[in-house]
Structure formats: structure tokens, C-alpha cells
Amino acid sequence: MTAYELISKKRDGHELSDEEIAFIIDNFTQDNLPDYQMSAFLMAVFFQGMNDRETMSLTRSMLESGDIVDLNEIPGIKVDKHSTGGVGDKVSIVLAPIVAAAGVPVPMISGRGLGHTGGTLDKLESIPGFRVDYSIAEYKEKIAKIGVCLIGQTPTLVPADKKMYALRDVTATIQAIPLITGSIMSKKLAEGIDALVLDVKTGKGAFMQTYDKSVELAKKLIAVGEQFGKPTIAYITNMNEPLGNKIGNWLEIEECIDALHGHGPEDLMEITHQLSGAMIYLGGKADSIEQGVSISKEIIQSGKAYQKFLEIVDEQNGDMTYIQSPEKYKKAKFISEIKAGQSGYIQSMDALEIGLTSVSLGAGRQKSDDIIDPETGIVLHKKIGRQIDSDETIITIHTNKENVIERAKQRLLKSVRISDAPVNNDRLVIEKLDKNSI
Ligand code: URA
């Protein structure tokens with residue numbers, strides 16, 4: 001078997017065997033297959049796709065490239081959630097304490113900001129002292145102790161994905177459904193889950209911008225999860241506007257604290273309760289998703305979710321006093337308001353452009369080694385469908401860089417469309433998919 005033969009086989013649209021896929025992944029992970037051949041292979045997959053068996057085989061080879069966490073000694077059904085990412089998506093930070101407080105252990109290995117989308121780890125690290133770099137042994141210990149731990153990828157978990165993702169990023173092969181499926185599912189399966197809930201975003205601010213592609217991705221993710229014996233439920237949710245009102249790392253933690261106190265924005269809470277409800281159901285603590293949703297709401301109202309969040313912050317070395325008194329966090333140097341300039345109804349908000357603008361303010365990375373400025377970001381005062389007067393503030397920007405303010409204001413104003421007639425917003429949770437949908 002040679003890499004050349006396998007690249008040409010896939011290029012010509014033929015199916016690869018399990019052994020052939022393992023040959024490519026193993027050799028690439030062990031540095032025996034050069035980047036130029038892997039790039040050609042990735043591009044062949046991008047154009048020719050992979051069937052379900054090949055996708056399953058790719059995921060298995062990637063999963064087996066490193067350690068697989070065994071959480072069997074921790075009682076309970078361990079359930080995680082994965083989101084394909086969006087602007088203002090802080091759901092994990094509200095949901096993890098809810099689900100853990102419901103008695104379902106949550107092993108959560110999260111990512112950093114990517115392009116216009118933020119990352120859970122960057123948001124958590126804006127809490128002074130908060131650590132996400134624990135070893136797998138410490139991660140297990142913390143899940144056993146408080147029922148939840150949120151950490152970043154370690155070098156020994158799915159090393160194949162780290163190398164493949166870096167290459168996909170520079171060879172325009174990110175947007176290939178089998179490659180995304182292998183990447184997401186190998187990492188989730190490696191973290192020790194028993195079941196999984198997926199939030200597959202669709203719309204302008206999402207990774208998959210069309211509804212059909214989002215459904216196709218969701219079905220592949222479910223198929224792989226189920227074949228590994230992990231019950232998997234996916235929701236297709238709308239990312240036509242940012243989620244919640246705040247975008248940017250500490251600003252989003254502030255919004256999570258409000259949410260945990262029962263004052264979260266409607267859209268954030270709708271998605272959070274739906275996904276938490278599904279996790280509580282899969283974790284065996286509710287007889288149906290609907291009952292799981294009621295339990296999730298009850299856990300917020302009773303203050304148990306907020307208490308669990310304080311426990312997480314304390315356990316992961318964060319300074320709880322910032323959660324108890326968020327107003328003491330340092331503010332960005334420049335806080336500047338944008339007026340609507342026109343009366344009417346908000347018709348649309350370009351989530352992609354808003355996400356990219358927040359990166360320019362300091363809230364994300366333009367290059368992989370850029371340092372995030374946690375105080376910076378954007379606050380949206382009105383969302384789609386809301387009525388506004390021309391002299392009302394619709395957006396506030398927070399930045400420490402004076403020279404980016406004017407351009408950011410222009411971009412944000414352009415990203416909001418105002419109509420004279422009332423507007424109905426699209427449904428937020430569009431569809432639920434499970435093993436019966438594939
Ligand atoms: N997120 C991942 O983890 N992998 C992908 O390939 C795309 C999004």
C-alpha cells in the first residue's frame with residue numbers, strides 16, 4: 001500500500017477500506033506521511049466525500065491515534081454537549097453547571113475561539129485565576145468530586161486531529177463533512193462520554209451556513225455516535241443573529257452570571273434549557289426531554305446552577321469573588337455607543353460581521369498567537385424584531401484600542417438592517433434529530 005495509490009483512489013471517487021484509512025491516519029500522525037500528501041488526500045476527500053462506513057473508520061483511526069479517557073469508575077451516565085460554534089455562544093458555561101447540578105456528570109473538553117466564533121476556554125480564562133490546563137488524572141478527579149470539569153484539549157488526546165486540523169486550516173479543506181465529523185466525534189469519544197447532545201448551528205454566523213448542509217452534518221455526527229454505542233441527539237439551531245446580547249470573553253461571563261441568576265436573555269435560555277433538558281434525559285435523570293427541560297428551569301430558579309458554577313470556579317482555581325461581584329472587573333478603556341440613526345424594526349443582524357468586528361476590538365484572534373483582551377467586545381441592546389427609535393443606542397463597543405473604534409462602528413452599523421414594517425424573527429430551535437432521523 002502506498003499513499004500515492006490511496007490518494008488517487010479517493011481522487012477518482014472510490015471507496016477506501018478501513019485498513020487504507022488507518023494507513024493514512026497512522027502514518028500522518030507518526031510523521032511518516034508528508035504534509036503535501038496529506039493535503040492532497042484531504043482535498044480528495046473534500047471533493048469526493050466519504051460514505052458512512054468510511055467516515056466511521058476515519059473517526060476510529062483518529063480516536064485511536066491517542067489516549068482514550070476511561071471514566072467508568074465514576075458512577076452515572078456521563079453526557080457532554082458540543083456546539084459547532086457561533087457568535088455569542090456561551091451555552092456551555094450555563095449548561096454545564098445546570099446538568100451537573102441535576103446529577104449528570106459532565107466531562108467537557110472545549111475549544112478556543114476560531115475565526116469569528118468565540119471559544120469556551122477563552123471565556124472561562126477571562127475569570128481571574130481560572131485554569132483549563134489540568135491533566136487527564138486531575139480532570140477525572142474533579143468530575144468525581146463535583147460532577148463536572150471544563151478543560152482544553154491535551155496533547156495526548158486525538159493527536160491526529162491537531163495535525164489534520166492545522167493542515168485543513170491552510171489548505172481550504174475545513175468545510176468537508178466527513179472531516180468535520182471525524183474531527184468532532186474523535187475528540188468527544190476520547191473524553192469519556194456515554195452520550196452526547198449536539199448543537200449544529202445554521203445561518204450566516206455559523207460554520208455551516210445552509211440548512212441542508214447543517215442537517216447533513218448533524219446526521220453524520222449522530223450516525224457515528226450511535227455506531228460507537230453512544231446515544232446522540234442533535235438540534236439544528238439558528239445563528240442568523242448572535243446568541244444573547246453580549247459578545248466578548250468577560251462580557252459573556254457577565255451574561256452567564258445573569259443567566260445563572262435567572263435573568264438570562266430569552267434566546268440564550270431557550271437553547272440552554274433545550275440542550276440541558278436533552279442531556280438530563282440522556283443522563284437518566286428525566287423520563288423525557290420535556291421533563292429534562294422542566295428540571296433545567298427549576299435548577300436555575302432554585303439557585304442550584306449558580307451554586308454549582310461557583311463550585312466549578314473554585315475547583316478550577318478561579319477567583320469566585322469576581323462571580324459574586326462582577327462589577328469589580330476592570331472595564332475596557334473605551335466604551336462607545338452606536339445610535340440607530342433610523343426608527344423602525346430590526347430586520348436582520350449579520351452575525352458573521354459582528355463576530356469579525358468583535359475580533360478587531362480585541363475579543364478574538366486574527367493570528368493563532370494573538371493574545372485575547374478579555375474586557376473587550378460588543379453589547380447588543382436590541383435584537384431582531386425589536387422596535388427602535390433613531391436616537392436609541394443599539395450597540396455598545398468595548399475596546400482598549402482607540403484606533404479601531406471608528407471602523408468598528410461603521411461595520412456594526414452596516415451589519416444591522418432596519419425596516420419600517422414589523423419583523424418576525426426565525427425560529428431559534430429549528431429541529432431535533434436523533435437515531436430515528438438517519
Ligand atoms: N470543530 C472541530 O472540532 N473540528 C472541525 O473540523 C470543525 C469544527
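Which residue has its backbone oxygen 2.6 Å from a polar atom of the side chain of S65? The residue is M62, whose backbone oxygen lies at that distance from the S65 side chain; a polar contact is defined as a pair of N or O atoms within 3.5 Å, where within protein one atom must be able to donate a hydrogen and the other to accept it, and residues adjacent in sequence count only if both atoms are side-chain atoms. The structure is a predicted model, in which local features need pLDDT of at least 70, side-chain atom pairs count only at pLDDT 80 or more, and totals for chains, interfaces and linings use all residues. Residues are numbered from 1 along each chain as its sequence is written, and side-chain values use heavy atoms, with hydrogens and water left out.

S65 itself belongs to the loop that links helix 4 (52-63) and strand 1; helices (H or I, at least four residues) and strands (E, at least two) are DSSP runs, numbered from the N terminus. Leaving aside residues up to four places away in sequence, S65 touches T29, V158, P159 and A160, contact meaning heavy atoms within 4.5 Å. Between S65 and I174 the separation is 109 residues in sequence and 20 Å in space, C-alpha to C-alpha.

Strand 1 and strand 4 (residues 195-202) run parallel and are joined by five bridges; the bridge partner of S83 in strand 4 is D199.

A further open sheet of four strands has antiparallel pairing and the order 6-9-11-7. Because strand 6 (246-247) and strand 7 (334-339) stand at its edges, each with a single partner strand, one side of each is left without a neighbour in the sheet. Strand 7 runs antiparallel to strand 11 (residues 393-399), with six bridges between them, and I338 has I395 of strand 11 as its bridge partner. Across strand 7, strand 9 (377-380) and strand 11 lies helix 17 (residues 405-415), which runs at about 35 degrees to strand 7; axes are lines fitted to C-alpha atoms, for helices over the stretch in contact, and angles run from 0 to 180 degrees between N-to-C directions.

The ligand is surrounded by Y165, R168, I180, S183, I184, K187 and F207, where a residue is near a molecule if one of its heavy atoms lies within 4 Å of it. An oxygen atom of the ligand is 2.9 Å from a side-chain N or O atom of R168, and an oxygen atom of the ligand is 2.5 Å from such an atom of K187. A ligand nitrogen atom is 2.6 Å from an N or O atom in the side chain of S183. Helix 9 gives the most to the shell, with four residues.

Notes. Pairing = 2+ DSSP bridges.
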